[in-house]
Amino acid sequence: MRIPEPKRSDLAEGDLTPMIDMTFQLIAFFMVLINFTDAEQDQRIRLPVSDIAKPPDTAFIEPRTVHLTDRGMVSFRGDEMPMVEFERHLRRDVQELRNRGKSVTDVTVIIRADKNAMSGQVQEIMQECQRTGYERFVLRAKSPDPGG
Amino acid sequence: MKIRNVGREDKIQLQMTPMIDIVFQLLVFFVMTFKIAQPEGDFNIKMPLAAPKAGAPSDDLPPMTIRLRAADDGSLASMRLNERNIESFDQLRSLIISLVGNEQGPMGDSVSAEIEIDSDYHLKYEHTMAAVTAISGHTDPTTGSVVKLIDKIRFAPPRRR
């Protein structure tokens, strides 16, 4: 009686090349689209809508972003504070600028205020900035949702 | 002389598993952190501290002030441009166009015109921004481009409640 040879247990080799190609393309896609400006955004803030607000043509030389929440809290350079402490942080920033040999008039203060924040608090932010020497301001709004 | 194993090619087995692991981890990271950011735009405002005392605008236009009054809940109660009542932001825009013209208009005073926004302290910021939008310009319906109106916008000192 002839005993048949046992079946060879070769592993089936799938061709991984298309999958790796596709995966690398996906990674490249997400890397290109990743939003590095998130650092200056605060997701709690819902900006007011303006249909003519356009993104700046050129980047600001010395931008300082000030966030104002609907509860009146100010966020500046990573610190969150009530309005009464804002001036102290501004003065510290001015001192840092001077130490670096920069002028405070070169700074552009970007105000990202929540749409439900009080207008008077936005004015207070501008007033405090004026007192410490800042002159250039930018009010930030978001473009209308294309989907309506 | 014995020649051994001529022509025999040993396949080098590449270990793909670690690479695929890390690639998938990268992919998952990017997918999880991905979000579509809505475009944001800016309105430039130059307000040095001495600006209100620096002198009147050099042109013949009277200084313009828009007064925004708030209701108790922070909504917009009334609006006045140089003591003239305004019903809506569209009306405000039309009035601004009639006063200063626009970039394409016959008067062309928009470059030198200056306006001050004076709003109640507790007015919701979205109404102030709507006023800034109406003052700054409008979108031309035929071309879709932005027609500028007044570029120089100032804010009055805050009114304490």
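Two strands are said to pair if DSSP finds at least two bridges between them. Helices (H or I, at least four residues) and strands (E, at least two) are themselves DSSP runs, numbered from the N terminus. The model is predicted: local features need pLDDT of at least 70, side-chain atom pairs count only at pLDDT 80 or more, and totals for chains, interfaces and linings use all residues. Residues are numbered from 1 along each chain as its sequence is written, chains are lettered from A and ligands numbered from 1 in the order in which they are written, and side-chain values use heavy atoms, with hydrogens and water left out.

**First selection: a pair of strands in chain B**

Select residues 64–70 and 76–81 of chain B. These are strands β2 and β3, which run antiparallel and are joined by 5 bridges. Together β2(B) and β3(B) form a hairpin with 5 residues between them. In the turn, G74(B) has a positive phi of about 90°.

Strands β2(B) and β5(B) run parallel and are joined by 5 bridges. In β5(B), R67(B) has D118(B) as its bridge partner. Strands of a sheet pair through backbone hydrogen bonds, either parallel or antiparallel.

Now show the whole sheet. It is open, has 5 strands in the order β4-β3-β2-β5-β8 (chain B), and its pairing is mixed. Its edge strands, each pairing on one side only, are β4 (84–86) and β8 (152–155) of chain B. On average, neighbouring strands of this sheet are turned by 25° against each other, direction ignored; the axes behind such angles are lines fitted to C-alpha atoms, for helices over the stretch in contact, and angles run from 0 to 180 degrees between N-to-C directions.

Is β2(B) largely enclosed or open? It is largely enclosed by the rest of the structure, because 5 of its 7 residues are buried. Buried means under 20% relative accessible area, exposed over 50%, and partly exposed in between (1.4 Å probe, protein chains only).

With a relative accessibility of 12%, D118(B) counts as buried. Its side chain is joined to that of R159(B) by a polar contact of 2.7 Å. A polar contact is a pair of N or O atoms within 3.5 Å; within protein, one must be able to donate a hydrogen and the other to accept it, and residues adjacent in sequence count only if both atoms are side-chain atoms. Not counting residues up to four places away in sequence, D118(B) touches T65(B), I66(B), R67(B), L68(B), A156(B) and R159(B). Contact here means heavy atoms within 4.5 Å.

Move to residues 40–46 of chain B, strand β1, where N44(B) has its place. Which residues does N44(B) touch, not counting residues up to four places away in sequence? They are F137(A), V138(A) and D151(B). N44(B) and D151(B) are 107 residues apart in sequence and 7.8 Å apart in space, C-alpha to C-alpha.

**Fifth selection: the nonpolar cores**

A nonpolar core is a set of buried Ala, Val, Leu, Ile, Met, Phe, Trp, Tyr and Cys residues joined through side-chain atoms within 4.5 Å. Select Y134(A) and L139(A): of the 53 residues in the largest core, these two touch the most other members. Helix α3 (residues 125–136) of chain B gives the most to this core, with 6 residues. Among the residues that L139(A) touches, beyond four places in sequence, are I111(A) and V122(A), as well as F43(B), I45(B), M129(B) and F155(B). A second, separate core of 5 residues includes I27(A), F30(A), V23(B) and L27(B).

**Final selection: each chain as a whole**

Colour by chain. Chain A has 3 helices and 5 strands, and 41% of its 148 residues count as buried. Chain B has 3 helices and 8 strands, and 37% of its 161 residues count as buried. From the N terminus on, the elements of chain B run α-β-β-β-β-α-β-α-β-β-β.
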